[in-house]
Amino acid sequence: MSAKISAFDQNNQRVSTQQLLQQIYAELENGQTSFEILSSGHHNIGGPLWTEDGKPLRFDVRNPGQRVGSFGLDGTEIVVHGSAPADAGWLNAGATLTILGDGGDTTAHCAASGQIYVAGRVGTRSGSLMKHDPKYEAPQFWVLKNTGSFPFEFMGGGIGVVCGYDSEEFESVLGDRACVGMVGGTIYVRGPVRNLSEEVWLLDLDEADQQFLTENMPVFLEKVERTNLLEKLTDFSQWKKVVAKSYEERNVHSRITMREFRNDHWVADGGIFGGLVTDDYNHVAGLVNTGDDRLQIPHWQDKRFGAPCQVACPSNIPTQDRINLLRQGKYEEALALVLKYSPFPASVCGEVCPNPCMDACSRRFVDKPVTMKELGRLSRDVPAPKCKPDTGKQVVVIGGGPGGLSAAWQLRLLGHQVTVYEADKEVGGKLRQVIPTERLPENSLTSEIQRIKDVGIDVKSGTKVDAKLFETLHQQSDAVVIASGAHNAVVIPFPGHERLIKGLDFLKQINDGGRPKVGERVVVLGAGNAGMDVCLGAYAMGAKSVLAIDIQRPAAYKHEIDGVKALGGEIRWPVFTEKVTEEGVWTKDGELLEADTVIISVGERPDLSFVPRDWLTVRGMMDVDACGQVANAPGVFAIGDTVEPGLLTHAIGAGQEAALQIDDLLAGKELVPIIKPEMINQSCLSKELFKPRNRGKFCITDAKDETIRCISCGTCRDCTMCLEACPEGAIQRIENEDGSFDYVSDDADCIGCGVCAGICPCGVWAMELKV
């Protein structure tokens, strides 16, 4: 009597494949050898199983999932009452699998022994990778009807039989591209066959083939319950067999001469390019050619690609251009260049920026990145560039932080009148309000803010913009930039949150000259860059121990973390806060982190109550388009933390881009999103031409010395190496009237050897393959 196994439990809920298989194993352990299985897409039913005494096993399966009968062993019989999905009989190792319906894709895939009988059709790639170990009986794969495309791929052995019954509407009973990569085995096929692989032969049956089919066809038809078809399917006049070509046969090639190919196949009438190309058959290119006969053509692509430092810099500063000017001895021009992109080269680039440009610098693959901070500090006292003529346009900037001042600076240089409204008593935003003076020297920030004011920007400090004032400013100005930043500290509402000190307010009070009271033991919630500033502030206010905790890996930069640890601070993660009490912080693990003072620094949100609600996203941030313009307010632009949180340098870059967009808007031009240049690929640079310095002794005392180390990625450094190295002397350096220069390759002399591209340290020369 058969064991009945169901795919559903007593509550009519589907059990997992693992649970169903465990039921089979349990019955097998109890001596059961016959199984009736009601499946519901469960995988791997029917193998590899055996009994200790060698008794045969039988599985009657309905509704199986993938790989029914996979790894089936000798002595196992599986009967699928209906169709089966993909991989039926996969890696069959001796079982008899009968499918009383259709088989899915890759039926009998990798079968090595046993028999697989299918009463219908099978899907694509069925019979692929069948193989035969001579120690065992060859696997047999019988299909009553037809197969999908790509059957019997890479077949190495065994026997396939495709009877082609009820398949008259198909052009090929083996689908398309059958037997690709076949190296062994035999396939018997009844019916039309098209587009067979060229690696096989399609042959007539011999007596041995007919005898095999005569002896085994009744067995197959009995298994699939179609014995009535025996007479029809044993008319061998309709059968062929497919066998693989031998190694020698596959490697026979009939090769025509180049002249025959050229004359008969290339451009002749009816040839590959007949009617498209004319050839007089007189000109034959040599092995080394110039002009149009070159296989590749050099192009001087100065600034076609951006340097990694420039592309990585949120403020878009092209440091490679700055260093090239220093290399040319144009010192004042080099230091002034950065002011076209940022009004804070010393305060931000030189002091507080984490310098993503250095993280991207190609020189790091040689020794160490170019030292950007020192370069930035060189521009601290450089006078402001001359502003363009007055346009008569008035732009209002809400917020005097780094983003707002960047926008105001760029707009004024472009000739527009700018008024900045700042709620604090002085502009500078978080640069002035929260960053410790240990990290940002006050004289550096003061000098650069004064330079901004000196270009003629009207600053109205101590003026908080509310909805009424904003509406007035909006109506009276030609454009508005909203750069009010994010100054509302986020507080997580767990029990005891009212005991928390807001990190932003804490830092502002310190930078304003106050001395907020802290206990000896301080816990800081949040280990980002702002959290590290809070830790430093806590120590400055007298704390003896400071612990920063976070729920994730600290987002602070390594040098920020190192600065806190140098003072004895500790950083722990992941730590999840349960509540805050007078004892300190309780974690969700039940641990008490003792603290006299708990400060939270997990981010800030902008206060945008002065703008209409329909200007905001569902998250309460400014809703802007790809040009930074507010979606529902033409002429109003938003930048920095009012759009999304970011670094100070992100705000500076956004201010610069907003100014350029406003300049186009006021000139009546259509706004187009600003796209960064594509970064040059490292494979284009010849870094091996640069001698690495000893990292252990590395020290830069004068930033101007970086002219030697900068690779000048994507920008020609005018080294003339290509001109000197060209074996044909085909390259010329042309001086332009404005002092710029171009390198040009003469097509009449250039042989397309690629030496220029190979020797160029900057990746400026590129070879175009001629098609």
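Phe71 counts as partly exposed, because its relative accessibility is 36%. Here, buried means under 20% relative accessible area, exposed means over 50%, and partly exposed is in between (1.4 Å probe, protein chains only). Before going on, note that this is a predicted model, where local features need pLDDT of at least 70 and side-chain atom pairs count only at pLDDT 80 or more, while totals for chains, interfaces and linings use all residues. Residues are numbered from 1 along each chain as its sequence is written, and side-chain values use heavy atoms, with hydrogens and water left out.

**Rings and charges**

Back to the rings. Those of Phe, Tyr and Trp (its six-membered ring) pair if their centres lie within 6.5 Å; planes under 30 degrees apart are stacked, over 60 edge-to-face, and the rest tilted. By this rule there are twelve aromatic pairs. Phe71 and Trp90 make an edge-to-face one, with 5.3 Å from centre to centre and 80 degrees between the planes. Phe71 sits in the loop between strand S3 (57-62) and strand S4 (76-80), and Trp90 in the loop between S4 and strand S5 (93-99), so the pair ties together parts that are 19 residues apart in sequence. Trp90 is partly exposed too, because its relative accessibility is 25%. Elsewhere, Tyr117, Trp142, Tyr188, Phe212 and Phe220 form one aromatic cluster.

Some charges sit over rings, meaning that NZ of Lys or CZ of Arg is within 6 Å of the ring centre and within 35 degrees of the ring normal:

| Charged residue | Ring | Distance from ring centre |
|---|---|---|
| Lys245 | Trp201 | 4.4 Å |
| Arg304 | Phe305 | 4.2 Å |

**Strands and sheets**

Helices (H or I, at least four residues) and strands (E, at least two) are DSSP runs, numbered from the N terminus. Two strands pair if DSSP finds at least two bridges between them.

Trp201 has a bridge partner in S11, namely Val243. Strand S11 (residues 239-244) is mostly covered, with five of its six residues buried. Four antiparallel bridges join S11 to strand S10 (residues 200-203), and five, also antiparallel, link S11 with strand S9 (residues 184-190). Across from Trp239 in S11 stands Arg190.

Then there's an open sheet of five strands, paired in parallel, in the order S15-S14-S13-S16-S27. Strand S15 (458-460) and strand S27 (636-638) are at the edges with a single partner strand each, so one side of each has no neighbour in the sheet. Strand S16 (residues 479-482) runs parallel to S27 and is joined to it by three bridges; Ile482 stands opposite Ala638 in S27. Helix H15 (residues 467-476) lies across S13, S14, S16 and S27, at about 140 degrees to S16. That angle is between N-to-C directions, on a scale from 0 to 180 degrees, using axes fitted to C-alpha atoms (for helices, over the stretch in contact).

**Cores and a buried loop residue**

A nonpolar core is a set of buried Ala, Val, Leu, Ile, Met, Phe, Trp, Tyr and Cys residues joined through side-chain atoms within 4.5 Å. The largest one has 67 residues, and Phe344, Val481 and Met532 have the most contacts inside it. Apart from it lies another core of 46 residues, including Cys179 and Val242.

Is Met541 buried or exposed? Met541 counts as buried, because its relative accessibility is 13%. You'll find Met541 in the loop between helix H17 (529-540) and strand S20 (545-549). Beyond neighbours within four places in sequence, Met541 is in contact (heavy atoms within 4.5 Å) with residues including Phe506, Ile510 and Pro516.
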